[in-house]
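Let's take a friendly walk through this protein. Have a look at the fold first, and then we'll go through it piece by piece.

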Amino acid sequence: MTAKQPVVCMMMAMDRNRLIGDKGQMPWHIPGELAYFKAVTTGKPVIMGRKTFDSIGKPLPGRTNIVVTRNTDWSADGVVRVHSLEQALIEAGKVRQDADEPELMIIGGAAICEEAMPLTHRFYLTTVDHAFEGDTWLESFHWDDWQVVSKNVRDPETTGGLPVTYWVLEKDRS
């Protein structure tokens, strides 16, 4: 029996203006959002750029961490270093997953997301209905490219007073 090819997925959070970062950090703190991120990504390979890895500061436990960097001298314990998105996808495809539909997760930053967006078929998107200050946007995302699979609007009382929606979006894989 051959292993199934994983579905290329992306998981990001953005504000109403598609802002995703500020000085290498998330511009907000949403109670429960990190738990949701962990629940969706655990057991799956996660692909990120080096700056995203640096902002996290360590490998994410329970996941194969694949870091894309142009710096051939860079390394970190507990990660697979690659030099292109193509190499990252190959490495992620080698990770064994006990799932009917295995997934690999693109988790940032903006440059990796832009490159991966045309290849992405499922998007776990958290939207925060608020405008924040920052310096990094998810400009490669366009609502018209996606179909809503599910939408979960969270009560602002449970999200630190912020109006938050968890979306699962897909686009045609043909």
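What percentage of the 174 residues of the protein count as buried? The figure is 43%, where buried means under 20% relative accessible area, exposed means over 50%, and partly exposed is in between (1.4 Å probe, protein chains only). Before going on, bear in mind that this is a predicted model: local features need pLDDT of at least 70, side-chain atom pairs count only at pLDDT 80 or more, and totals for chains, interfaces and linings use all residues. Residues are numbered from 1 along each chain as its sequence is written, and side-chain values use heavy atoms, with hydrogens and water left out.

**The overall picture**

The protein has 4 helices and 10 strands; helices (H or I, at least four residues) and strands (E, at least two) are DSSP runs, numbered from the N terminus. In sequence order the pattern reads β-β-α-β-α-β-β-α-β-α-β-β-β-β. Its radius of gyration is 16 Å, close to the 16 Å that the globule rule gives for 174 residues, so the protein is as compact as a globular protein of that length. That radius is taken over C-alpha atoms, and the rule is 2.2 Å times the number of residues to the power 0.38. The C-alpha trace spans about 45 × 35 × 25 Å along its principal axes.

**The sheet and its helices**

Now for the sheet: 8 strands make an open one, in the order β5-β4-β3-β6-β1-β7-β10-β9, with mixed pairing. Strands pair if DSSP finds at least two bridges between them. At the edges stand β5 (79-82) and β9 (147-154), each with a single partner strand, so one side of each has no neighbour in the sheet. From one strand to the next, the twist averages 20°.

Strand β1 (residues 7-15) pairs with β6 (residues 103-106) in the parallel sense over 4 bridges, and Cys-9 stands opposite Met-105 in β6.

Helix α1 (residues 33-41) lies across β1, β3, β6, β7 and β10, running at about 175° to β1. Helix α3 (residues 85-93) lies across β1, β3, β4, β5 and β6, at about 170° to β4. Axes here are lines fitted to C-alpha atoms, for helices over the stretch in contact, and angles run from 0 to 180 degrees between N-to-C directions.

Is Ile-106 buried or exposed? Ile-106, in strand β6, counts as buried because its relative accessibility is 0%. Its contacts (heavy atoms within 4.5 Å) include Val-8, Ile-47, Leu-85 and Ala-116, not counting residues up to four places away in sequence.

**Aromatic pairs**

The whole structure holds 7 aromatic pairs. Rings of Phe, Tyr and Trp (its six-membered ring) pair if their centres lie within 6.5 Å; planes under 30 degrees apart count as stacked, over 60 as edge-to-face and the rest as tilted. Here are two of the pairs.

| Pair | Type | Centre to centre | Between the planes |
|---|---|---|---|
| Phe-53 and Trp-74 | edge-to-face | 5.6 Å | 85° |
| Phe-123 and Phe-141 | edge-to-face | 5.3 Å | 90° |

Phe-53 sits in helix α2 (residues 50-56) and Trp-74 in the loop between β4 and β5, 21 residues apart. Phe-53 counts as buried at 6% relative accessibility, and Trp-74 is buried too, at 12%.

Phe-123 lies in strand β7 and Phe-141 in the loop between β8 and β9, so their pair ties together parts 18 residues apart in sequence. Both are buried. They also belong to one aromatic cluster with Trp-143, Trp-146 and Trp-167.
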